[in-house]
Amino acid sequence: MVLGPGGSGVSVVAAAAALTVDASTHEHRGVLPIGAERDTLLVTVDRQSYLPERLGVFRVPGEPVAITADTDLLHLDPLAVVEQAWTDFTAALTAVSAARAFLPIVGTLSSVAPGEMVALPGIGEFLLLRQIRDAATSGRWRRVVVDLSGVGDPHAFLRAPVILSTAVERLWPRHARLAEAAEKPALAQLSAAVEGIDRDCQDLAELLIDPHSVSAHLVLDAGDRGRRAAADQLAIADLTGLPLRSVLVNAGEAAVSTVSVAEHVRSLVDGDRAVTVHEVDSGGVLDRLSRIRKITLHAQKPSGRPRGSGALTVTKASGEGVDTVFELTWRQGLPRPDQLQLGRSGDDLLVTIDGFRHPVRLPSVLRRCRVIGAGWDAGLLTVTFSPDPAVWPARDGGSGPAR
């Protein structure tokens with residue numbers, strides 16, 4: 001995944017990474033036989049992306065188009081993806097029209113037009129990510145490079161499955177929908193459709209922070225804007241557990257030095273072995289395939305090492321029984337410590353950094369605990385918990401305060 005603030009050159013860097021053949025996994029040259037596995041799929045989710053024109057191919061949304069003998073381009077149109085998926089989902093609603101008497105929301109959902117769905121939080125992003133996942137697991141390509149330019153805030157885009165799953169759970173909790181489907185057969189098909197969406201949400205949420213399958217590459221421009229954005233971008237990557245592998249400082253078309261920004265970023269990631277910093281010289285007008293191919297960019301593979309909240313640890317600090325104190329810790333960049341906010345919602349710890357809020361799922365041992373304190377020191381965020389006597393298991397195996 002290639003991401004970064006708008007105007008940093010994300011799409012060009014993503015294209016260059018896709019077009020740079022990795023010799024360690026690529027053993028053939030020339031035209032592949034029909035049906036053979038291709039090397040790379042480049043995906044863009046920007047409806048107005050200029051990549052098709054720059055790469056010299058037709059704009060065919062939703063269908064892979066060959067760029068070279070080794071690389072294909074898949075241009076996804078968010079509106080088209082949403083409309084098709086919603087049409088399939090409402091077919092399930094139509095089949096359970098009798099369920100309107102049992103669950104009023106069925107009638108409400110049935111009346112929503114496909115084009116209106118793009119306004120619902122997380123729907124469009126979730127469907128795009130699901131289509132990317134399906135392409136990645138199809139077996140047609142050895143690797144998939146995702147250009148996340150044109151999505152606004154890429155971190156919010158990647159967070160969408162978590163947000164949608166939370167909304168589904170609040171709208172129709174899983175225990176309730178399974179029980180109602182068992183008691184009212186008319187709801188079984190609808191329950192299965194909602195269950196499928198929620199299962200996909202959870203699958204995507206796990207995939208996007210899987211350091212064995214995914215590597216993320218942050219692109220920053222070499223100017224003052226890139227320097228200012230670096231700390232915030234890295235902090236949000238820590239918070240979301242993004243498996244960041246490299247920060248690419250892009251000089252773009254400007255005749256500027258990338259060294260100062262690169263050194264600043266290196267100081268921010270000092271000690272993080274999973275992240276490297278590179279300067280990218282993409283100078284000149286990159287308006288055609290031949291010019292983009294001159295940028296040699298080997299995007300590093302997944303490291304297998306989780307980062308940030310994806311590598312959180314829980315330790316027992318002191319005490320026994322209901323007097324136990326647990327510490328939840330992960331390495332977290334914090335550009336402005338005074339703006340850190342913590343909250344609790346069910347099994348999630350809500351963490352807000354510079355206006356970006358993300359739910360961090362608590363390990364099972366902490367879900368029956370209360371937050372009693374928090375601190376940040378030397379790059380580590382530590383949240384302390386103590387058992388809630390009302391729900392903490394008693395020594396005899398029952399619930400309630402330990403005797």
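Select aspartate 232: its relative accessible area is 23%, so it counts as partly exposed. This is a predicted model, by the way.

Next, pick aspartate 272 and arginine 307, another salt bridge, at 2.9 Å N to O. Here the partners are 35 residues apart, each in a loop. Is arginine 307 buried or exposed? It is buried, with a relative accessible area of 8%.

For a network, select Arg130, Arg133, Asp134, Asp200 and Asp203, which are joined by salt bridges that share partners. In total, the structure holds 19 salt bridges.

**On to the strands**

Show E9 (residues 313-318) and E10 (residues 325-331): they run antiparallel, joined by five bridges. Threonine 315 has glutamate 327 in E10 as its bridge partner. In the hairpin, six residues lie between the strands, and glycine 319 has a positive phi near 80 degrees. Now bring in strand E15 (residues 380-387), which pairs with E10 over six bridges, again antiparallel. Look for leucine 328 opposite valine 383 in E15.

**Last stop**

Select helix H1 (residues 10-19): 10 of its 10 residues are buried, so the helix is largely enclosed by the rest of the structure. Among them are Val10, Ser11 and Leu19.

Conventions
Residues are numbered from 1 along each chain as its sequence is written. This is a predicted model: local features need pLDDT of at least 70, side-chain atom pairs count only at pLDDT 80 or more; totals for chains, interfaces and linings use all residues. Side-chain values use heavy atoms; hydrogens and water are left out. Two strands pair if DSSP finds at least two bridges between them. Helices (H or I, at least four residues) and strands (E, at least two) are DSSP runs, numbered from the N terminus. Buried means under 20% relative accessible area, exposed over 50%, partly exposed in between (1.4 Å probe, protein chains only). A salt bridge is a side-chain nitrogen of Lys or Arg within 4 Å of a carboxyl oxygen of Asp or Glu.
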